Amino acid sequence: MIEKAESLIKTAESKKNANEWGLARADYLQAYELLKEEDKKDSKVQESLKKVEQELAFVDNELAKLQYQKGKTAVENGIWKLAIDSLEEATRLAKIEDVAFLEEIKVWLDKARIGERDAEVRNNAEPFISRGDDFKRNGNYGEAVLEYQAAAKVVENLPETHPYYIHINNQLLECRRSIARPYLKKAYRAFHSKHFIKASSLLKRALFIIDNKDSIYREFITKILENVESNLSEKEISDTEDFESQELWEKTVKDYEEALNLYSSFTVTDPFAPAYTGVNIYEDKFAESRRRLGRLYKMRADRLKNNGKVEKAIHNYKEAIKLLPKTDKLFYEAFSEMKKLRVQVTNPESKK
């Protein structure tokens, strides 16, 4: 056994001298396994084991350098999977004490992982972004919003400074503004015709459309709304509080009913057919339409609560709870607010 191990060591040395690091490593490992089976108290065996361990460390380090160069080149050429595999192997083979080299590998490994992530995001998000851009270009802002929202889900885990994240959110902001502008124009005409209630309702619809993060536009509309409502009595302002877009409600309810019909009428494929899954293919669509309707009820309930319409608010919170999944934080918010309002109904003093 020991003779065979020594023979392998000599063969490994010649391969090492020829810079055939992988082949040399294989021979050293085989020799090492043979030596481990010998009497470890034997001084000759101990000496051979020590030598093989040293040689393996040297060869591993040389292989690490090769894998590092291979990974670095792959990064520069955008071959992300190869880059990650090579750089991870370089990390595994490099000497633990060679901190500078390990840090250098990590820099390139991070680049490779970011590159792979971006490539995956690009492949998944690009179709939505492209369709959204086309819709926006043609003035179909509602359709564009749906596409950009789908793209936003794909990139939601990216940093907010990432170009995709910035582009999608900017497009959403612009599209929502474009959808809101006709309401602003109608509100302007209504105001100058002294139809202040109508102007107030239109401005609130516009405010409902604008994203909460769009502080500039929201502040702009809010100031106009304050000016309009300075011409209204308290009762008139209160009467316009249910200002959700009728079009939005109608569309949301219609989408929910259609999804419910599809979900309810779906029949699973024959279990003996090749494409059989046993899953209702409309489940996701139904769940999403139900969630959207639940959120509308929650938003309406919040507004009613803020205007002291406790009974109506409780009714809308109940509807929201029926529709929202328990995993949605809005479910717990609705449930919590409903409990607080019930206390007000049973204890009038708490309203003061």
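Guide: A definition comes first: axes are lines fitted to C-alpha atoms, for helices over the stretch in contact, and angles run from 0 to 180 degrees between N-to-C directions. This is a predicted model, in which local features need pLDDT of at least 70 and side-chain atom pairs count only at pLDDT 80 or more, while totals for chains, interfaces and linings use all residues. Residues are numbered from 1 along each chain as its sequence is written, and side-chain values use heavy atoms, with hydrogens and water left out.

Visitor: OK, so at what angle do the axes of α8 and α9 cross?

Guide: The axes of helix α8 (residues 196-209) and helix α9 (residues 215-229) cross at roughly 165 degrees and come within 10 Å. The two helices are therefore roughly antiparallel, a term for angles over 145 degrees, with under 35 counting as roughly parallel, 65 to 115 as roughly perpendicular and the rest as oblique. Helices here are DSSP runs (H or I, at least four residues), as strands are (E, at least two), numbered from the N terminus.

Visitor: Switching to rings: how many aromatic pairs turn up?

Guide: Searching the whole structure gives four aromatic pairs; rings of Phe, Tyr and Trp (its six-membered ring) pair if their centres lie within 6.5 Å, and planes under 30 degrees apart count as stacked, over 60 as edge-to-face and the rest as tilted. One of them is Tyr-68 with Phe-101, whose centres are 5.6 Å apart and whose planes are at 80 degrees, so this pair is edge-to-face.

Visitor: Where in the chain are Tyr-68 and Phe-101?

Guide: Tyr-68 is in helix α3 (residues 43-76) and Phe-101 in helix α5 (residues 99-137), 33 residues apart, so the pair links distant parts of the chain.

Visitor: Is Tyr-68 buried or exposed?

Guide: Tyr-68 is buried, at 4% relative accessible area, and Phe-101 also counts as buried, at 11%.

Note on methods
Buried means under 20% relative accessible area, exposed over 50%, partly exposed in between (1.4 Å probe, protein chains only).
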